[in-house]
Amino acid sequence: MPRRRFTDFSLVRQEIQDETDRITGKSKQISPIPIHLSIYSPKVVNLTLIDLPGLTKVAVEGQPETIVEDIEKMVRAYVEKPNSIILAISPANQDIATSDAIKLAKEVDPSGERTFGVLTKLDLMDKGTNALDVLEGRAYRLQHPWVGIVNRSQADIMKNTDMIYARRREQEYFYTSPDYGHLASKMGSEYLAKLLSQHLESVIKEKIPGIIALINKGIDEMEAELDRLGRPIAVDDGAKLYTILELCRAFDKIFKEHLDGGRPGGDRIYGVFDNQLPAALRKLPFDKHLSLPNVKKIVSESDGYQPHLIAPEQGYRRLIEGSLNYFRGPAEASVDAVHFVLKELVRKSIGLTEELRRFPSLQATLAAAAGEALEKFREESKKTVSRLVEMESSYLTVDFFRKLPQEMEKVGPTSSPADRRAVSADRRNPPPIDRGNPSAERGNPSDPLGDRYADAHFRRIGSNVSAYISMVSDTLRNTIPKAVVYCQVKEARNNLLHYFYVQIGKKEGKQLGELLDEDPTLMSKRQELAKRLELYKGARDEIDAVAWVR
């Protein structure tokens with residue numbers, strides 16, 4: 001009943017009993033669930049008292065066999081806390097050496113700084129005996145003084161004896177007692193309450209610097225967490241647009257750091273140019289395309305019904321054009337590989353932009369806009385690398401072929417082995433000359449392709465084309481990366497969100513608000529943090545404002 005106020009303590013006692021029965025049933029079991037009771041009165045001191053069950057030796061009927069361990073475990077959970085004050089309560093009519101409360105208190109508080117000894121049932125001691133040895137610290141010394149009290153008897157409890165009357169009777173007992181009269185001013189429940197309140201105040205004074213430091217640390221941590229989660233968003237359209245642009249700049253900054261080397265990932269683009277592209281170029285099937293049968297076939301088909309006179313120019317062109325077409329695959333594959341790397345860097349950059357985490361809608365929109373831009377860059381890059389290949393096909397390097405007759409004459413050390421083998425074969429076995437066609441070489445009439453020339457002639461053609469294609473391959477190996485970087489990487493670095501910025505500037509307030517639709521979990525977490533922060537700041541202000549009595 002957290003909102004109910006009680007003015008009759010008999011009703012309070014009844015509610016405690018009823019709540020206990022609701023939790024434990026009408027048995028003698030215990031429960032670790034506390035019952036909180038706040039008492040407001042000018043007759044009480046500022047003190048929080050935790051009333052724990054008494055330690056037992058054996059389980060009685062209706063209690064589980066583990067009741068002894070359960071009670072001790074519950075009690076230890078409270079008295080082991082370094083900020084708690086321990087009231088070790090023992091009956092005066094029993095030997096203090098057998099007190100379970102003193103024994104447990106000594107275990108958890110060996111120095112005795114937190115322990116107060118309390119003796120009850122002083123009025124029930126045998127005649128002729130007293131507890132002065134304990135109360136005056138001779139039987140068992142504690143750092144704090146022992147306090148004796150006289151509570152209501154069971155008969156008084158059954159008769160609902162008034163507590164004010166019981167306290168007055170307790171004072172009369174001590175002031176009129178021949179044994180305890182000289183200690184009467186330091187005995188009784190009221191004195192114990194004042195003593196504990198004063199001690200608690202002194203302990204708090206000692207711990208205030210540490211408490212303030214702990215509170216300040218908590219405030220700093222919560223403010224840092226709020227900064228990480230992001231502050232609440234302004235409601236006007238201009239502020240929303242500014243927030244979106246700031247979030248985009250934060251993402252763009254991280255993306256550029258990936259490309260420029262400040263963060264990992266950009267080096268994978270260089271890996272495409274340095275490893276993937278050269279490997280793909282080496283695997284192109286030029287050996288099959290420039291094999292002897294294929295060279296014969298293409299040259300012969302290019303000649304048609306009339307054989308070439310000096311060099312099969314049309315055959316050369318068809319062989320070169322066919323070879324150059326193979327370069328399209330590696331060129332476009334390089335474009336796609338770089339596109340994939342850039343997409344991954346966009347995804348990673350969005351994930352690393354902490355400010356964006358609270359706006360899943362903006363994350364998705366930003367990823368889609370970046371993806372569209374990268375797709376445009378890829379298409380432009382593919383067009384460019386295709387043009388590079390087409391340019392090589394559209395105009396051959398004439399000087400390369402003009403130098404071939406001179407190199408074939410020299411057959412120098414720089415000539416390829418195929419060239420040298422072809423020239424050597426020609427010199428060892430000069431082809432017979434057709435008198436009707438002085439420049440023609442006679443072939444094998446039984447050849448099914450009807451070739452007019454010796455194999456060495458075609459090998460030399462294949463070798464020349466292979467050398468030219470090798471030169472073009474070296475050129476494209478250098479120019480394809482340049483085109484990809486210019487069309488994709490550079491554009492992504494400088495203009496990734498250009499179109500997005502243009503579109504976002506046209507949106508209205510409602511559409512901007514939809515982009516800044518936060519994750520409900522983050523909103524709830526921020527609100528909870530803000531409440532805790534206010535509590536911490538309020539606690540700090542209260543402590544600073546307290547004027548402690550010296």
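The exercises below concern a predicted model.

**Exercise 1.** Determine how helix 11 and helix 12 are packed, and state which residues make the contact.

*Solution.* 
Step 1. Two packed helices are described by the angle between their axes and the distance between the axes.
Step 2. For helix 11 (residues 292-303) and helix 12 (residues 313-325), the angle is about 130° and the axes lie 8 Å apart.
Step 3. Helix 11 contributes Val-295, Ile-298, Val-299, Glu-301 and Ser-302 to the contact, while helix 12 contributes Gln-314, Gly-315, Arg-318 and Leu-319.
Step 4. By class, the residues of this contact comprise four nonpolar, three polar and two charged.

**Exercise 2.** Describe the order and pairing of the strands in the open sheet, and identify the helix that packs on the sheet.

*Solution.* 
Step 1. The open sheet consists of three strands in the order 1-2-3, with parallel pairing.
Step 2. Strand 1 (86-91) and strand 3 (147-148) are the edge strands, each pairing on one side only.
Step 3. Six bridges join strand 1 to strand 2 (residues 115-120) in the parallel sense.
Step 4. Opposite Ala-88 stands Gly-117 of strand 2.
Step 5. Helix 7 (residues 189-229) packs on the sheet and touches strand 1, strand 2 and strand 3. The direction of helix 7 makes about 175° with that of strand 2.

Terms used: Residues are numbered from 1 along each chain as its sequence is written. This is a predicted model: local features need pLDDT of at least 70, side-chain atom pairs count only at pLDDT 80 or more; totals for chains, interfaces and linings use all residues. Side-chain values use heavy atoms; hydrogens and water are left out. Axes are lines fitted to C-alpha atoms, for helices over the stretch in contact, and angles run from 0 to 180 degrees between N-to-C directions. Helices (H or I, at least four residues) and strands (E, at least two) are DSSP runs, numbered from the N terminus. Contact means heavy atoms within 4.5 Å. Ala, Val, Leu, Ile, Met, Phe, Trp, Tyr, Cys and Pro count as nonpolar, Asp, Glu, Lys and Arg as charged, and the others, Gly among them, as polar. Two strands pair if DSSP finds at least two bridges between them.
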